[in-house]
Number of protein chains: 2
Amino acid sequence: MELDARKLEILYAIIEQYQETGEPVGSRTISKLERLNFSPATIRNEMADLEEMGLIVQPHTSAGRIPTDKGYRLYVDKMLAEQAQKTEEPRDLPALPMQDLLSRRIDRVEEMLLKMAQILAANTNYTTMVTGPHSRKSKLKFLQLSPMDKGRILAVVVLSGDIVKNNILSLDEEVGNDELMELNFILNKRLTGLSLEEINLSVISELKNEAGAHVEVVAKVLDAVAETFAKEDSYPVYTSGAPNIFRYPELTGGDRASELISTLEEKKTLGSAIGSLPSESGGSRQDIQVYIGDEVPVESMKDCSVVTATYSLGDGVQGKIGIIGPKRMNYQKVVETLKETMSHLDGIFLQTEE
Amino acid sequence: MELDARKLEILYAIIEQYQETGEPVGSRTISKLERLNFSPATIRNEMADLEEMGLIVQPHTSAGRIPTDKGYRLYVDKMLAEQAQKTEEPRDLPALPMQDLLSRRIDRVEEMLLKMAQILAANTNYTTMVTGPHSRKSKLKFLQLSPMDKGRILAVVVLSGDIVKNNILSLDEEVGNDELMELNFILNKRLTGLSLEEINLSVISELKNEAGAHVEVVAKVLDAVAETFAKEDSYPVYTSGAPNIFRYPELTGGDRASELISTLEEKKTLGSAIGSLPSESGGSRQDIQVYIGDEVPVESMKDCSVVTATYSLGDGVQGKIGIIGPKRMNYQKVVETLKETMSHLDGIFLQTEE
DNA sequence: GTTAGCACTCTAACCCGTCGAGTGCTAACA
DNA sequence: TGTTAGCACTCGACGGGTTAGAGTGCTAAC
């Protein structure tokens with residue numbers, strides 16, 4: 001079966017119509033379009049072919065057609081190819097209010113990411129998630145021990161990408177102020193610039209030697225450092241716009257809504273599922289992936305599509321932004337919005353890193 | 001109309017039955033209970049009286065009865081009074097797995113609160129929210145400036161209650177390491193132990209004098225301190241168990257589910273609504289409040305009940321824990337669980353503050 | 001290759017009768 | 001006087017039958 005230009009036109013028309021209404025699209029509706037001014041009967045013939053090719057289906061006999069995953073895939077691939085062509089976008093989308101993010105003093109990356117998730121959710125009417133920045137290649141930028149109370153010190157650990165984490169350490173022994181300064185110096189000297197793998201036994205034993213009496217402190221600090229590197233909770237996940245799923249009846253039937261909301265609340269699972277998706281920075285500079293239906297690696301999202309982008313803070317530190325919506329989401333708008341967001345982010349980092 | 005003991009018994013029986021099933025309760029069901037072994041007709045007479053008193057209603061003619069807000073209120077007040085009586089609880093509830101929290105090194109209060117919300121949600125099958133600790137009387141414990149990159153320094157601000165916040169400050173001028181140490185010393189000397197109100201103009205101008213050339217740094221640090229004190233985002237709100245609302249059909253009909261989830265996602269609004277509830281630590285030591293239906297100060301929760309407890313980290317630093325469920329929630333269990341949680345918390349803080 | 005016509009199918013909406021749960025009322029009973 | 005049995009009544013839930021409308025596939029004509 002040949003997939004000629006007209007069939008494609010019809011497929012796209014069905015997809016776009018279905019995106020708007022969420023209702024199966026009939027032949028009459030299509031035949032009313034200017035660019036496809038044929039009689040319903042003709043359209044029906046073509047639709048039968050499209051169905052045979054597995055691009056559309058009928059939910060039941062005598063209903064209109066809706067696109068299949070395969071149909072969407074065709075549509076999306078075409079669109080992505082076209083987007084790659086035109087380097088300069090007409091940018092007729094309403095500009096995102098990202099200026100806020102830009103102009104604000106960006107002191108905590110995490111806060112900015114949450115804000116970004118919120119803006120994206122509000123603008124797209126889909127659900128968004130952002131994984132915090134992380135990296136295997138991430139390095140220790142510096143660490144700082146400060147006295148707090150009797151018996152407790154504050155250890156601040158900073159990784160590349162400005163990932164900051166505080167740890168309050170309770171000590172059994174008493175450590176004087178000067179000694180703490182000394183420890184600070186030693187620790188930074190030995191550890192700064194190292195990645196997690198590079199902090200091996202030999203480094204540790206050297207450190208312990210130098211630390212002299214304060215082995216306990218060193219051990220606890222190293223724990224804290226390890227924890228900062230560790231995925232488990234230095235891998236925050238921000239979500240926003242969860243209630244948007246209620247806009248799409250096909251996502252809220254049965255227990256689906258409950259399952260989706262649960263998945264979104266379980267940020268750890270979500271983060272590792274989405275965060276570990278490959279970021280094939282192969283071809284284009286813009287690294288945007290589209291997962292449709294069954295392609296989504298999360299069980300409860302098999303009725304959804306997910307569009308992800310990878311952002312990068314330099315030094316190999318990166319994270320993912322995901323937009324989660326119904327399979328009939330407006331891929332075009334989502335992809336463009338994400339691209340725009342990525343350039344904003346680049347702007348911010350050029351400015352910050354300088 | 002007299003509200004005698006038997007009427008009360010019947011009311012309680014209706015409430016308890018309705019808690020289990022969520023279905024209107026008929027006279028036959030009640031008459032089958034051992035302690036109320038009367039004929040359905042007798043029960044019906046009593047029920048008619050209870051309805052006249054506004055304690056129960058029929059959703060429609062010829063349906064069973066369900067409790068009104070007023071009915072619940074009576075029930076809850078009675079229960080709270082009884083709880084206040086017996087000082088020693090039999091504690092037949094399954095123990096909460098709070099040991100994890102206790103045994104873990106508590107380095108970040110916020111993390112512990114989130115964990116607590118999760119445990120409570122999992123144990124009660126309701127939705128929980130916890131507002132982060134805050135206080136008008138909160139004091140600056142200490143602050144620490146450290147060099148990060150060229151032109152940027154890390155300012156760590158610690159308030160009483162171990163509220164820690166990081167701020168990355170971008171400076172126009174270059175500040176040497178020794179100068180930074182000096183600034184550190186000056187700032188801590190002047191500011192440690194002060195509350196937000198006490199950091200007034202005279203303190204600030206003194207500081208600026210002492211700082212000499214580095215007025216810019218001082219200004220930015222003060223900004224950072226103010227921000228840490230400020231409610232807006234040092235007032236985090238953690239929620240957990242949002243999907244639990246789907247267990248209760250009366251909360252998910254129509255757009256209610258969507259509105260509830262939205263409210264839970266808008267943590268700021270939620271936090272200020274719940275967080276600003278009075279914590280009348282008047283009578284009992286255990287400060288537990290129950291809000292039923294319309295008493296809940298959040299529009300989208302008028303079909304819910306909310307039970308709150310106030311926790312306190314000493315030094316006037318406190319926050320709230322809220323449990324959100326249907327009006328037919330198991331108040332008894334929720335109140336007891338909250339009480340247990342509060343004693344756990346007390347345990348943790350006695351240990352920490354020591 | 002396109003179109004009009006037609007018979008067919010399926011869903012959604014509606015009506016209607018039935019069933020069962022539950023009520024209120026009354027009259028009889030202890 | 002409080003309790004109970006009996007009875008007529010009401011209402012929601014359920015199932016079946018009908019109808020209206022949307023949309024299809026097929027065939028024959030253009």
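Colleague: Why is Glu216(B) called partly exposed?
Modeller: Its relative accessible area is 22%. Buried means under 20%, exposed over 50%, and partly exposed in between (1.4 Å probe, protein chains only). So 22% for Glu216(B) falls in between. This is a predicted model: local features need pLDDT of at least 70, side-chain atom pairs count only at pLDDT 80 or more, and totals for chains, interfaces and linings use all residues. Residues are numbered from 1 along each chain as its sequence is written, chains are lettered from A and ligands numbered from 1 in the order written, and side-chain values use heavy atoms, without hydrogens and water.

Colleague: What makes Glu216(B) and Lys220(B) a salt bridge?
Modeller: N to O is 3.6 Å. The definition asks for a side-chain nitrogen of Lys or Arg within 4 Å of a carboxyl oxygen of Asp or Glu, so the pair qualifies. The two residues are four apart in helix H9 (215-229) of chain B, about one helical turn.

Colleague: How do you know whether Lys7(B) is buried or exposed?
Modeller: Its relative accessibility is 6%, so Lys7(B) counts as buried. Its salt-bridge partner is Asp4(B), with the closest N and O atoms 4.0 Å apart. Asp4(B), at 33%, counts as partly exposed.

Colleague: What does the salt bridge between Arg190(B) and Glu206(B) tie together?
Modeller: The closest N and O atoms are 2.7 Å apart. Arg190(B) lies in helix H7 and Glu206(B) in helix H8 of chain B, so the pair ties together parts that are 16 residues apart in sequence.
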